Amino acid sequence: MEACGRSLCTRKPEKHICNLRCFEKCPDCHYPVRWKLQCGHQVTLQCHQDPKTHKCVEPVQTLLPCGHTEMKPCHVRLEDFACPVDCKATLDCGHVCMQKCHDRKDPDHLLYECHKPCAKLRAGCSTKEHYCRKLCHEECEPCTAQVKKHRTICTHVFEVSCNSNVDELTCEKPCKRNLPCGHQCKNKCCDTCGPCEVKVEKVIDACGHKLTVKCCEEPRRQECRQKCERRLTCGHACVELCKMACTVKCEEMVACRLQSPCGHVIETIKCFERPFLNAQVLPKYCSVPCLATLQCEHKCGGTCGQCFQGRVHARCQERCGVPMVCNHECPIPCREACRPCEKKCTYKCIHGRCTKKCGEVCVPCAEVCSRKCAHQKCDRKCSEICSVKPCTEPCPKMLKCRHQCVGFCGDPCPKLCRVCDRKELTEILFGTEDEEDARFVQLKDCGHVLESDGMEMWLKGENEDEIQVKVCPKCKTQIVNTQRYSEHLKRAFVDIQNVKQRLNGSPEANRDTRLQLLKRILLLKQHSMSRFSTLFSSTLKETESRLEETKLDVVRGRVRQYFNAVILNSITSKVQILEHIAKICVSVTEMSVSSDTTSEIRCQLSFILDCIQRDEVQVTNQEIDDIQMEISRLKRIVELTQIKKKFGYVSLESLLMLKLRSPSVTPAARIQRIEELVNLRQRYTKDIDEKIQELMRSLRSGIQISESERVEIVKALGLKQGHWFKCPNGHPYVITECGGAMQEYTCPEAGCGEKIGGTRHTLIGTNQLASEMDGARFAAYSNMANDFGNYDM
């Protein structure tokens, strides 16, 4: 392990020996040698280093291109040496440059990024208070700080971003400007001011009344809602509103004393009808009490005029007042007319309330029953009988007076205390109130505190056979919300709903009935009643609208219409009456008669339809009976018109003349008698109807006349010869006017049925001249007759 001892270099006179062990590799010569470099500086290097390649690091003072004199390493070229002096130039942002001298690179700081905090205001800052939070070289952030700014175009203040223009906002605050009228503008600030909507009182120039209108509007008489102050031509005050045209028909009742066709004296009539008094007008003003016994066995409370002389009586006004199954009093006069209650339903539970009318079937509550306490809980629906009985454990709670509660567990605590309110609590009602172990229940509906056992007995025994609501024994208030007695209440509820169901009918049956009635009304509209369609239209329209599912209410908009079996039965009765009348009208339409001939039919028809429209829905038994008799009257009027037509070409005036001139002529007398009975101003009865039918049967059996009667008839008609003809069976008839046949008829003689008359002034070939009636040889309308062929010259 000897030392190497070899020479590391060839340098002489020094001998640099390797100091490593012999087996180790000799390194480069590392002995220090002092050299003088080319730059003149001396430096100590390891022996193996070449002084020619060595970079001199000796600092030398040098004048740099930037003008600074600094010490730099000898070997570094001037152009490669970075000036170590701090730049310290003041930048455009106001900060000092943090780099070293960079005269040869970006001397004007065009690429320099200042990393100091920005000293400028945020972009758009209007208050000069909000400084940028970014670095100086970064783009300044917009000033979004919320500040209050006053608008320059109005007086409002907004909280907006500091950099926003508050005048560019749409100001929707209330305008503060005053209008020319002095009122403050009610529009938004951004809208144009006016018009003034303030309600003010102004005087109408045309009538002098005051009217509240908008300030921007002028009052007009057409909007005046005060009573008109003008006088009518009759001297009475106008009863219309000022905005309406003055009354055309003065309704003022004026004194008179006139004999009415009904046999009574009329003492007052309407002013406008004085100039038009006739037998049609006077009877309706008769004020004599009717006092007839109605079907309901009450005395009629109407007057002779209101009851149309007993033809159709006014409705019975006797008070019903009978409690209905819902405990409401019947508000409809006369017991006969009772129908399902239309008041608001009072049924409710802890979960909600019924919103239907009282007479409609309620919807059972489907929520979970609320009966529960520390001992038990009901698991059924609210509308079902509870699965557990009311808890009978005493209530453990203490009252405010620090005495024990006298109620039951799970019930609301009664307000009375056994100690503090003993006298009031033990007031005798059932006889069990003063027992020491008595427990009490406070009715939630009226607040009365009652002994529980006695109350149970009351609810079980109260008119057990009657269906009725349960009420408080003290004040008769209906019990609805007291949970302890829910079993009694629910059983009564079920019974009442069953009664309502029977009164209302099933929804399916009601729907089918309603749709069937609508179809029947549609058929009535399509009936061939052209002569009377205007009379029927309003009645059919009103009945049809009542059968629609909804109607338009002026306050609540579109609402549901209520239907039940009673209402639909009444409407069915009306429709049946209309169908009966329609059949009669169709038979009149098929007759070839003039409008003058049907005037009596139209008058009677209008009277019946007005009676049907008395009530939107209801029609009483008395009204049905009265209207049926009036329909019988209408039927006889139609039959009389047909008889007059069958008596052919002899006009009504001729028959009346015939009666006056020849009282013995039976047909004219019978027809006049029928007219008298049909037009009687009194109740139409079955006896009168039978008399009329008997007279009509005698007319239809034929006209049998004597020779003297034949002469009287011909003389009474006053026609020239040639107007009388006869059918193939020899039955005579007359053609008036020119004597030429213009229409075909059926011979009115009973059992005959042959055709009579003709067309275009030409007689039917089977008919011939009845010379035996007036001695004519030729028909009045013929060439021979025109040449005086009927006369001996």
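Biologist: Why does Lys 476 count as partly exposed?
Modeller: Lys 476 has a relative accessibility of 47%. Buried means under 20% relative accessible area, exposed means over 50%, and partly exposed is what lies in between, computed with a 1.4 Å probe and protein chains only. The value for Lys 476 is therefore in the partly exposed class.

Biologist: What kind of model do these values come from, and how are residues numbered?
Modeller: This is a predicted model, in which local features need pLDDT of at least 70 and side-chain atom pairs count only at pLDDT 80 or more, while totals for chains, interfaces and linings use all residues. Residues are numbered from 1 along each chain as its sequence is written, and side-chain values use heavy atoms, with hydrogens and water left out.

Biologist: Where is Lys 476, and what is its phi?
Modeller: Lys 476 sits in the loop between α2 (452-461) and α3 (486-504); helices (H or I, at least four residues) and strands (E, at least two) are DSSP runs numbered from the N terminus. Its phi is positive, about 65°, although Lys 476 is not a glycine. Most residues other than glycine have a negative phi. Gln 309 also has a positive phi, near 60°, and lies in the loop between β10 and α1.

Biologist: What makes Lys 357 partly exposed, and which residues does it touch?
Modeller: Lys 357 is at 30% relative accessibility, which puts it in the partly exposed class. Contact means heavy atoms within 4.5 Å. Leaving out residues up to four places away in sequence, Lys 357 touches Cys 341, Glu 342, Lys 343, Cys 345 and Tyr 562. Lys 357 and Glu 342 are 15 residues apart in sequence, and their C-alpha atoms are 5.3 Å apart. Lys 357 belongs to the loop between β10 (265-270) and α1 (422-425).

Biologist: Where is Val 288, and which residues does it touch?
Modeller: Val 288 is in the loop between β10 and α1. Its contacts, not counting residues up to four places away in sequence, are His 264, Thr 303 and Cys 304. With a relative accessible area of 28%, Val 288 is partly exposed.

Biologist: Why is Thr 247 called buried?
Modeller: Thr 247 has a relative accessible area of 13%, and is therefore buried. Thr 247 is found in the loop between β8 (210-214) and β9 (253-259). Beyond residues up to four places away in sequence, Thr 247 touches Leu 232, Cys 238, Val 239 and Glu 240.

Biologist: How many disulfides does a search of the whole structure find?
Modeller: The search finds zero disulfides. A disulfide is a pair of cysteine sulfur atoms within 2.5 Å. For Cys 154, which is in no disulfide, the nearest cysteine sulfur is that of Cys 189, 3.8 Å away. Cys 154 is buried, at 11% relative accessible area.

Biologist: How do you know that the sulfur of Cys 215 is too far from that of Cys 181 for a bond?
Modeller: The closest cysteine sulfur to that of Cys 215 is in Cys 181, at 3.7 Å, which is too far for a bond. Cys 215 is buried as well, with a relative accessible area of 16%.

Biologist: How do you know that the span of helix α7 agrees with its number of residues?
Modeller: The expected span of a helix is 1.5 Å times one less than its number of residues. Helix α7 (residues 599-612) has 14 residues and should span 20 Å; its end C-alpha atoms are 20 Å apart, so the two agree. Among the buried residues of α7 are Ile 601, Leu 605, Phe 607 and Ile 612.

Biologist: How does the radius of gyration of the protein stand against that of a compact globule?
Modeller: The radius of gyration is taken over C-alpha atoms, and the globule rule is 2.2 Å times the number of residues to the power 0.38. A compact globule of 793 residues would be near 28 Å, but the protein has 59 Å. The C-alpha trace spans about 205 × 105 × 75 Å along its principal axes. Buried residues make up 39% of the 793 residues.

Biologist: What is the mean pLDDT of the protein?
Modeller: The mean is 81, and 91% of the residues reach 70 or more; pLDDT is the predictor's confidence in each residue, from 0 to 100. Over residues 648-665 the pLDDT is below 50, and this stretch has 34 contacts in the model beyond near neighbours in sequence.
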